[in-house]
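The sequence and the coordinates are shown first.

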Amino acid sequence: MGVELDPHPLFQEYAHPEKFVSAAWLSARLGVDGLRVVESDEDAFLYDIGHIPGAVRIDWERDLNDPVRRDFIDGEAFARLMSERGIARDDTVVIYGDRSNWWAAYTAWVFELFGHPDVRLLDGGRDAWMGEERDTSFAVPDLPATRYPVVERTDGPLRAFAGELLTSPPAQLIDARSPESYAGVPRDVREGKAPGFLRHGHIPGAVNVPWGNSVHPNARFKHRAEIEQVYADFDPSKRTVTYCEMGESSAHSWFVLRHILGFSNAALYDGSWAEWGNMVRVPIEKTHTEPTE
């Protein structure tokens, strides 16, 4: 790995402490050779009103998705993106973002699909950095282009598709959405934005474990023992798939399962409810009962 690990005591409890850094650790190492910082937000405009000095922006929708196919970019496009952002294959990449690192975790997961050797998450994300009133910048860094190699994406065990859930359901399926979404409460009686769903409910066999149970209100991760209690009913050795509405908050849950609790066969169904809730002739379950007129 290019940059030394963060020795923060909290991270030493985790299955993979090398996957986490604190704001204090990052602040002390900004500008170090071999370290690149990436901001990836739900609200892409946040970067423009102040970001970590030297951080580059990766827009999860515009930069990581193929412009034609409903899929991620291929190895050639990923290599081009990395090169344009000044990221080398042997760089340590620290990713952070808004919404408690939802899309930052999603972006980190995509990096892992391409096998980037050293990608880490800033604990607490943008909230932690801004909450501690650390330095920010409006300048977009002009980093020299690199020659990132073309490495084909390996979906493999880290990514799940609707076909697997239909024909070979995983032993453990986790719905990371709110209890209301899981129950099937229609969107028009709940707050927030989401893509249009033709149906409301959850995938049959899924267990509801909202993503936020693993973090404090300030967006930082809880101690491992607390998180283990959240997932006490699940076996870390069994195939475990997470999903939400668009893959964002369930990517956060995937990161927790994989790198905090050490689930050896955890995958993200990035199609999530945006796909499942609109597919023809697939089953759903719901516990919410529509009122009768």
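The structure is a predicted model, and the values given here are computed from it.

**Domains and their interface**

The domain assignment of the protein chain gives two units, domain 1 (9-132) and domain 2 (159-277), whose C-alpha centres lie 21 Å apart. Contact between them involves 28 residues of domain 1 and 25 residues of domain 2. Together the domains bury about 2,500 Å² between them, with 64% of that area on carbon and sulfur atoms. On the side of domain 1, the residues that lose the most area to domain 2 are Tyr-14, Trp-102 and Trp-109, which together account for 26% of what that side buries.

Polar interactions also cross this boundary: there are 11 residue pairs in polar contact, both residues being at pLDDT 80 or more, and the interface of domain 1 and domain 2 holds 2 salt bridges. Among the secondary-structure elements of domain 1, α4 and α5 (125-131) each supply at least two residues of the side that touches domain 2, and α4 gives the most to that side, with 8 residues. Elsewhere in the description of charged pairs, Glu-132 and Arg-220 meet through their side chains in a salt bridge with an N to O distance of 2.3 Å.

**The nonpolar cores**

The largest nonpolar core has 54 residues, and within it Phe-111 and Tyr-231 have the most contacts. Elements that each supply at least two residues of this core include the helices α1 (9-12), α3 (75-84), α4 (102-113) and α9 (248-260), together with the strands β4 (92-96), β5 (119-122) and β9 (266-268). The greatest contribution comes from α4, with 10 residues. Because domain 1 (9-132) and domain 2 (159-277) both give residues to this core, the core lies between them. In soluble globular proteins, nonpolar side chains tend to be buried together.

Beyond its neighbours up to four places away in sequence, Tyr-231 touches Ile-174, Val-209, Ser-214, Ser-253, Val-256, Leu-257 and Leu-261.

**Ser-40, a buried polar residue**

Ser-40 lies in the loop between β2 (35-39) and β3 (56-57). With a relative accessible area of 0%, Ser-40 falls under the 20% limit and is therefore buried. A polar atom of the Ser-40 side chain lies 3.1 Å from the backbone oxygen of Ile-58, and the side chains of Ser-40 and Thr-107 are joined by a polar contact of 2.7 Å. Setting aside residues up to four places away in sequence, Ser-40 touches Ile-58, Trp-60, Ile-95, Tyr-96, Gly-97, Asp-98, Trp-103, Ala-104 and Thr-107.

Of the 10 residues of α3, 7 are buried, so the helix is largely enclosed by the rest of the structure. The buried residues are Gly-75, Ala-77, Phe-78, Ala-79, Leu-81, Met-82 and Ser-83, and what covers them includes α4. Glu-76 is placed in this helix, and, not counting residues up to four places away in sequence, Glu-76 touches Val-150 and Glu-152. The N-terminal end of α3 is capped by Asp-74, a side-chain oxygen of which lies 3.3 Å from the backbone nitrogen of Glu-76. Just after the helix, Gly-86 takes a positive phi of about 75°.

**Phe-138, an exposed residue**

Phe-138 is found in the loop between α5 and α6 (162-167). Its relative accessibility is 62%, which is over the 50% limit, and Phe-138 therefore counts as exposed. Leaving aside neighbours within four places in sequence, Phe-138 is in contact with Asp-48, Ile-49, Gly-50 and His-51.

**Separations in sequence and in space**

The table sets out C-alpha separations for two pairs of residues.

| Residue pair | Separation in sequence | C-alpha separation |
|---|---|---|
| Glu-76 and Ser-214 | 138 residues | 35 Å |
| Phe-138 and Gly-54 | 84 residues | 9.6 Å |

Terms used
Residues numbered from 1 in each chain as written. Predicted model: local features only at pLDDT ≥ 70, side-chain atom pairs only at ≥ 80, totals over all residues. Heavy atoms only, no water. Helix = DSSP H or I, 4+ residues; strand = E, 2+ residues; numbered from the N terminus. Buried < 20%, exposed > 50% of the residue type's maximum accessible area, 1.4 Å probe, protein only. Polar contact = N/O pair within 3.5 Å; in protein donor to acceptor, adjacent residues only side chain to side chain. Contact = heavy atoms within 4.5 Å. Core = buried A, V, L, I, M, F, W, Y, C linked by side-chain atoms within 4.5 Å. Domains from an automatic or database assignment. Buried area = accessible area lost by both parts, 1.4 Å probe. Salt bridge = Lys/Arg side-chain N within 4 Å of Asp/Glu carboxyl O.
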